[in-house]
Amino acid sequence: MSVSIHRSHPAIVKRLKRAQGHLAAVLSMFEAHRPCVDLAQQLHAVESAISSAKRELIHDHIEHCLTDTAEAGGNSLAELKQLAKYL
């Protein structure tokens with residue numbers, strides 16, 4: 001398996017760091033005994049940010065890596081099936 005950096009990776013890292021900051025804020029909110037509605041709202045924001053990052057990573061992989069695998073004569077269908085577990 002080759003290690004590669006795609007153009008989308010810096011944006012994904014940025015999105016995940018933002019989610020990490022939101023999660024830290026949620027933990028502080030728990031410690032401050034904030035209302036459950038506020039906690040749920042912030043947890044939803046964290047979850048959305050992570051889902052968005054995952055979606056972007058998967059779409060990028062499908063667009064670039066699977067195309068490259070197919071062009072190189074590899075088994076892109078098997079890789080797509082493996083990737084589908086994370087959708």
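**Reading a predicted helical model**

Author: Among contacts (heavy atoms within 4.5 Å) between residues at least 6 apart in sequence, 54% join residues at least 24 apart in this protein. The model is predicted, so local features need pLDDT of at least 70 and side-chain atom pairs pLDDT 80 or more, while totals for chains, interfaces and linings use all residues. Residues are numbered from 1 along each chain as its sequence is written, and side-chain values use heavy atoms, with hydrogens and water left out.

Reader: How many helices and strands does the protein have?

Author: Helices (H or I, at least four residues) and strands (E, at least two) are DSSP runs numbered from the N terminus; here there are three helices and zero strands.

Reader: Which side chain makes a polar contact with the side chain of Asp 60?

Author: A polar contact is a pair of N or O atoms within 3.5 Å; within protein, one must be able to donate a hydrogen and the other to accept it, and residues adjacent in sequence count only if both atoms are side-chain atoms. Asp 60, which lies in helix α2 (residues 36-71), makes such a contact with the side chain of Ser 8, at 3.2 Å.

Reader: What does Asp 60 touch, leaving aside its neighbours within four places in sequence?

Author: By the contact criterion already given, Asp 60 meets His 6, Ser 8, His 9 and Cys 65.

Reader: How much of the protein counts as buried?

Author: Buried means under 20% relative accessible area, exposed over 50%, and partly exposed in between, with a 1.4 Å probe and protein chains only. Of the 87 residues, 20% count as buried.
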